[in-house]
Amino acid sequence: MAISAPQKKTAGRRGRSAPGLIFGDLWQYDPAPETADPKLKPRYDLFIDGEFVAPRGGKYFDTINPANEQKLAKIALAGAADVDAAYRAAHRAYEKVWSRTSGRERAKYLFRIARLLQDRAREFAVAETMDGGKPIKESRDFDVPMCAAHFFYHAGWADKLEYVAAGRRVAPLGVVGQVIPWNFPLLMLAWKIAPALAMGNCVVLKPAETTSITALKFAEILQDAGLPPGVVNFVTGAGATGAAVMAHPLAAKVAFTGSTEVGKIIMRSLAGSGKKMTMELGGKAANIVFDDAPLDQAVEGIVNGIFFNQGHVCCAGSRLLVHEPVADAVLAKLKNRIKVLRVGDPLDKNTDLGAINSKDQLEKIRELVDSGVKEGAELYQPPCRLPEKGFYFRPTLFSDVTMSHRIAREEIFGPVLSILTFRTVDEAVEKANNTAFGLSAGVWTDKGSRILKMSTELKAGVIWANTFNKFDPASPFGGYKESGFGREGGRQGLLDYAKLT
Amino acid sequence: MTRLPITKTPKVYVGGAFIRSESARVFPLQDAAGNFFGNIPQCTRKDLRNAVEAAAKAGPGWAKRTAYNRGQILYRLAEMLEARRAELIGSLTMFGAVQADAARGVDAAVDRLIYYAGWADKYEQVLGSVNPVAAPYFNFTVTEPMGVIGVIAPDVPPLLGLISLVAPAIVSGNTVVALVSEKFPYPSILLGEMLATSDLPGGVVNLLTGFRKELVPTFATHTHLRAIVGAVGAADRKALELGAADSVKRTHFVDPDATDWLADTAQGLEAIRDTLEFKTTWHPVGA
């Protein structure tokens, strides 16, 4: 990855590595823990037909704080009978109440929900961070406000559905079954529930096994909002519960966010069933940096792209493609930058990288990182100290990665960046698209026409140009190829919860 | 002495050329009166794979054509059909269709092409959007063709059914590999000749004749087919959906028994949307 001979005056300056910063142990921050009360209960039951009910099997499982491995609460384990009860409640609510509730009234419920969540934002942010491990600054400034924004946005659609599909009328599908992942528990819940309710559907949703708490806290908000019983039901549990939610005959549609592997299993299990589907699956996004990009901004974008939420992001910019002339400079800047990332207590307001969501996920990350070393990529990790208890992983860079390495092909879902280089625009496009995934991609360049060319050629559902990991309820999100189908957000996403009449 | 007429050897239209099956297999076709009509290529999995390759090669060029150009080419295809209207009607009546039904079917097929030709430079304005995000970014959503689309046409109506599924896929820049009516393949053989003279680049539409039971499994699992659009019964639907899961392929099916192909409800913007991807681009707004 040697830098080519200087062509311009700036090339020499860029090529020189930036001076090292001496933070390390000399400049310890005082702890700055967020102290708001998450108001956790010791036990969470299922939320069916507007009430918290014990699971029929009487079984519970523990949910822990991945930051210190301490038990937070016990969560009801829903069996097939509980899932069935949830569907019957949803179906009843759909037939008797929700399908007869006007769009104007549905809108007001959704507005209320958004407002009530805003009222309790800090409490929810702390709960989200404790149950999932993400830094409090992210749950406080991103997850919770964005969750509220999704309800606020979709609320306004509920009485304007005649504008969703030009020339056609839309109608709700009925009851939809939804299964969401653990990386953005509240936000994924909002992405799923808000458009479903706005369109007039009722919902049975299963949160991820490791992050059920905020969904069940959210059920309290639904009660406070006076949402009619049965319109939204939460069943908690692991894979078997999820399979029951997907397979239930009363589900007119299922929406799944999770791994491509599980998505395919669901698709097979539903073949021939006539159920509508939306799949938001894995990704291996290319983040492409050209030599004319503003490198300091690009480095910030790369860091945000891969280390946001510890890299537990399906659209994470996990493959950095750097233009050869600036490859060394970018790598040097990146190393410098990640030396000062603060890894540790997720509740500390200064923390950049919190805890890995679970032990299983930590093992998976370790396994893939080991494969990267074995296959010959060059590993770099800053020498930061990690807490003794809890699941943590250092921000990790791999240079000298080739397209055939597992770390360039498989979704790691952790704070691990694989760096590859390219020489021409065509090579960048070829490498970026050479994957079964197609969820997102990033492009960094000063040249407008190149951005538009890249955004046309990259086979991905979301393109971030000179930015990364930006989300908005008005902005459709979803993948090409094996990253799934259907969109979430915007008018396009709303239509996936409708049938045309 | 009566002149012996020249009979046509039925060949399928793949990659812009008229070919026989690579397997050299054929099946005999009789007309409504039971007389031998001709030998129809019995296309194989290998033919399907070759057709997908041709479609993939034609894809980028076709998708890069301007919408205006694609619209004109679809219109030109309608012109080709209209000019050979009598022959197309004959290709239906010869195999048992009533004259009036056949004429209605051909006319509807031509009109359907005109309908989709007109959409070419409009659907984007209706389906795409500029999105008011709550931050200083310009955010817009456009559509893109998915790539190579597998089409399974209904047995009846052989021409109108095929065109109703193919036209909305190609208008946006997709390319198509279609399995045509098994029972009534001859109208599709004729359609191939019209495609060849319509300015449509070779490989954009590839038509295969043959047996569903042989070809459906490969349509289901071929990973380069990004979507399957079909008018199929429950068993084929299940097989196609099962195979589609392997590569997260998009599937859209209509019930051949419940579709009124002549009606306006058999066409629409949604059919175009079914083979489109939505792509959203973000860019900061600033100096």
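In which sense do strand 3 and strand 4 of chain B pair, and over how many bridges? Keep that in mind as you look through these close-ups of a predicted model.

**View 1. A hairpin in chain B, built from strand 3 and strand 4.** Strand 3 covers residues 26-30 and strand 4 covers residues 36-41; the two run antiparallel, paired over 5 bridges. Then follow the chain into the 5 residues between the strands, where B:Gly34 has a positive phi near 90°.

**View 2. Helix 6 of chain B, mostly covered.** This helix takes in residues 158-170, 13 residues in total. From its first C-alpha to its last it reaches 18 Å, close to the 18 Å expected at 1.5 Å a residue.

**View 3. An open sheet of 3 strands in chain A.** The strand order is 1-5-4, and the pairing is mixed. Strand 1 (43-44) and strand 4 (60-65) are at the edges with a single partner strand each, so one side of each has no neighbour in the sheet. Look at strand 1 and strand 5 (residues 70-76): they pair in the parallel sense over 2 bridges. Here A:Arg43 stands opposite A:Lys74 of strand 5.

View 4. Chain A as a whole averages a pLDDT of 95, and 95% of the residues score at least 70.

Note on methods
Residues are numbered from 1 along each chain as its sequence is written. Chains are lettered from A and ligands numbered from 1 in the order in which they are written. This is a predicted model: local features need pLDDT of at least 70, side-chain atom pairs count only at pLDDT 80 or more; totals for chains, interfaces and linings use all residues. Helices (H or I, at least four residues) and strands (E, at least two) are DSSP runs, numbered from the N terminus. The expected span of a helix is 1.5 Å times one less than its number of residues. A residue is buried if 20 or more other C-beta atoms lie within 10 Å of its own, exposed if 12 or fewer, and partly exposed in between; C-beta atoms are placed from the backbone. Two strands pair if DSSP finds at least two bridges between them. pLDDT is the predictor's confidence in each residue, from 0 to 100.
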